[in-house]
Structures are given as structure tokens and as C-alpha cells.
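Student: I have a model open and want to go through its side-chain contacts. Can we start with the charged residues?
Tutor: Fine, here it is.

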Amino acid sequence: MKDYALITDATCDLPAEVLEKLNVRVIPMEFQIGGTLYQHYPDAREMSLTTFYERMTAGETTSTSQINQLTYFKYFEAILEAGMDVLYLSFTSGLSGTYQSSLIVASELEEKYPGQRVVCIDSLCASIGQGLFVLLAAQKKREGLTIDEMVAWAQQSHLHVAQWFTVDDLNHLRRGGRISSVAALAGSALGIKPILHVDSEGKLVAAMKVRGRRKSMDALIERIAQTGINPAEQVILVGHGNSEKDAKQLKVEIRERFRPKEIILCDIGPVIGAHVGPGMLAVSFWASEN
């Protein structure tokens with residue numbers, strides 16, 4: 001059986017050292033701030049995440065763009081030339097066109113390299129939800145699953161990857177068109193914190209609203225209690241957008257309540273951060289529903 005390489009994109013928001021340990025390759029993604037274009041890699045080599053969020057807080061405009069076909073061609077072909085097949089786990093098609101672009105390139109490369117495969121899987125996940133999906137897929141690969149077995153596994157698994165988050169400033173969601181200007185203004189004045197998640201179609205959905213940061217953190221913990229499957233046997237991811245103190249507190253409380261096998265603290269990168277802003281807190285875990 002021919003070996004295959006796992007590859008994903010930088011929206012997975014897993015720490016660089018975790019990705020290296022999992023032997024997962026990562027395609028960088030572009031973001032723009034202050035009129036300058038940067039590439040985001042897991043090690044944030046072109047701009048630290050602290051700098052990114054500080055500049056965002058200072059009012060600099062940010063934007064992102066999807067991975068283009070030339071970039072896919074470069075990263076996929078390098079794997080094929082090394083004699084391996086490609087298994088790509090993409091950012092959700094519900095929020096980006098990256099998956100569709102990858103399919104076009106995969107078809108072209110399979111024609112160019114007869115007998116080799118480029119298989120693209122829509123994770124239907126974002127940020128640390130995608131990160132958990134990638135982590136679990138890497139574990140399955142180590143267990144010996146073939147590409148076809150991985151596809152079958154993925155089709156069911158994304159329904160169990162719960163990905164919940166809250167934001168500190170509603171104006172970032174307003175700029176992205178997720179809420180109205182009136183709702184953002186009223187919510188900010190009242191200290192309203194929305195609780196959102198990525199649904200089974202890979203789309204962003206607002207689930208509830210609470211008042212205050214403390215209650216928003218409690219709501220994330222309660223989602224684990226309500227839908228988590230044997231949390232004590234899991235690896236749970238906690239993500240944050242330049243809000244390390246709150247993320248560490250959330251991690252402590254999750255550990256004390258559920259005693260999971262491991263909790264991985266993740267920085268939310270600029271590709272996701274550009275749309276949710278500093279102060280985002282997120283959890284991802286294996287659940288009865290996403």
C-alpha cells in the first residue's frame with residue numbers, strides 16, 4: 001500500500017509543535033493588515049499573533065483571502081514527486097471557497113501523475129474544530145487507515161467535532177456581516193456575549209447570548225457537559241485570540257471538572273482572528289452532536 005501524506009491549511013490553529021509531532025504538513029494562508037500582505041504559518045514567522053491583535057485593537061483594517069490554485073499545486077505536487085499520495089483536510093466549505101479550489105487542482109494533478117491520488121476532504125470545521133479534526137485524523141492514520149478508510153471515517157466524524165466559541169467585541173462580527181450594526185451597538189452597551197458554533201454544514205451559527213465574560217466562559221464549559229462523549233477520555237482544545245489569561249483559566253476549570261486525557265491550548269491565528277477579533281475564546285471536543 002502506497003504511503004500518503006496528511007496536509008491541511010493554517011486555519012486549523014494547532015500549535016506548530018503539535019503539527020510537527022503529528023507529521024501533518026500545513027499550507028500557509030494570506031492575511032492583510034494595514035495594507036500589507038502576510039502569510040500565516042503555524043509558527044507565525046511573518047507576524048506574531050500578539051502584534052496582529054494589538055494592531056487590530058488599534059483600529060487597523062484586516063482582511064483575508066482563500067488559498068489560490070497555484071499554491072495548492074505547489075504543495076500537492078511536492079508530495080506526489082516524493083512518491084506519496086495526498087490526503088488534504090480543508091477548511092470548511094461553509095465559510096470559504098478553498099475546498100472547491102483544491103478539488104480542481106487535485107483533478108489536474110491526478111492526470112499529470114497517473115496512478116497517484118490526491119484526495120480532498122471537506123472538514124466542515126473551522127479553527128480549533130478543524131484542528132481537532134486534523135489531530136484525530138493523524139491518530140487514525142497512525143492506526144493504519146488507508147485513504148479510502150479515512151474518507152469513510154471523515155464523513156461521519158465531522159458530525160461529532162463540536163466547535164463552540166464566544167467573542168469579546170461584537171463589532172468584529174458586525175464588520176463580517178454576521179450581526180447587524182444595531183445589534184452590535186446594543187449588545188456592546190449591555191455587555192452581551194454571543195455563543196456561536198459551526199454546524200453540520202460547516203456554517204457559523206449563533207446559538208445563544210449571555211451577559212458578561214464570566215457567563216460566556218461558563219456556557220462553553222456547559223456545552224462540554226451537555227454533549228461531550230466521555231470527556232475524561234478525550235483531548236480537548238481551548239483556543240484564544242490574544243486572551244491567554246482567560247484561556248488558561250478556562251483550561252483549569254475544564255481540567256478540574258472533566259479530567260480529560262489532555263487539554264491543548266491554541267492561539268487563534270489571523271485568518272480566523274480577522275473576523276472574530278481579540279478576546280475570542282473557543283473549545284472543541286468530541287460530542288454527540290456538533
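Tutor: This is a predicted model. Take K112 to begin with: its relative accessible area is 47%, so K112 is partly exposed.

Student: Which residue does K112 form a salt bridge with?
Tutor: With E77; the closest N and O atoms are 2.6 Å apart.

Student: How many salt bridges does the structure hold?
Tutor: The count is 13. One of them joins the side chains of E143 and K140, at 3.6 Å from N to O. E143 is exposed, with a relative accessible area of 55%, while K140 is partly exposed at 26%.

Student: Which residues are linked in a network of salt bridges?
Tutor: R214, D218 and E253 are linked that way.

Student: What about D43, which side chain does that one meet in a salt bridge?
Tutor: The side chain of R45, with 3.0 Å from N to O. D43 is partly exposed, at 43% relative accessibility. R45 is at 54%, so R45 counts as exposed.

Student: Which ring does R45 lie over?
Tutor: R45 lies over the face of Y41, 3.8 Å from the ring centre. A lysine does something of this kind elsewhere: the charged end of K141 sits over the ring of Y4, at 4.8 Å from the centre of that ring.

Student: On to aromatics. How many aromatic pairs are there?
Tutor: Seven aromatic pairs. F52 and Y53 make an edge-to-face pair, with 5.1 Å centre to centre and 75° between the planes.

Student: Are F52 and Y53 buried or exposed?
Tutor: F52 and Y53 are both buried. They also belong to one aromatic cluster, together with F31 and Y38.

Student: What does F31 stand opposite?
Tutor: Y38, in β4. Strand β3 (residues 29–33) runs antiparallel to strand β4 (residues 36–40), and five bridges join the two.

Student: How many residues sit between β3 and β4 in the hairpin?
Tutor: Two. G34, in the turn, has a positive phi of about 60°.

Student: Switching to the nonpolar core. Which residues of the largest one touch the most other members?
Tutor: L14, F76 and Y88, in a core of 74 residues. Helix α5 (residues 127–142) supplies the largest share of this core, eight residues.

Student: What does L14 touch, not counting residues up to four places away in sequence?
Tutor: L14 touches L19, L22, P42, G131, V134, L135, L237 and C266.

Student: What is in the second, separate core?
Tutor: That core has 20 residues, including I195, M217, L220 and I224.

Student: Last one. Where does S243 lie?
Tutor: In the loop between β11 (235–240) and α10 (244–258). S243 has 12% relative accessibility, so S243 counts as buried.

Student: Which residues is S243 in contact with, leaving aside neighbours within four places in sequence?
Tutor: R213, G279 and L281.

Terms used:
Residues numbered from 1 in each chain as written. Predicted model: local features only at pLDDT ≥ 70, side-chain atom pairs only at ≥ 80, totals over all residues. Heavy atoms only, no water. Helix = DSSP H or I, 4+ residues; strand = E, 2+ residues; numbered from the N terminus. Buried < 20%, exposed > 50% of the residue type's maximum accessible area, 1.4 Å probe, protein only. Contact = heavy atoms within 4.5 Å. Phe/Tyr/Trp six-rings, centres within 6.5 Å; stacked < 30°, edge-to-face > 60°. Lys NZ or Arg CZ within 6 Å of the ring centre and 35° of its normal. Core = buried A, V, L, I, M, F, W, Y, C linked by side-chain atoms within 4.5 Å. Pairing = 2+ DSSP bridges. Salt bridge = Lys/Arg side-chain N within 4 Å of Asp/Glu carboxyl O.
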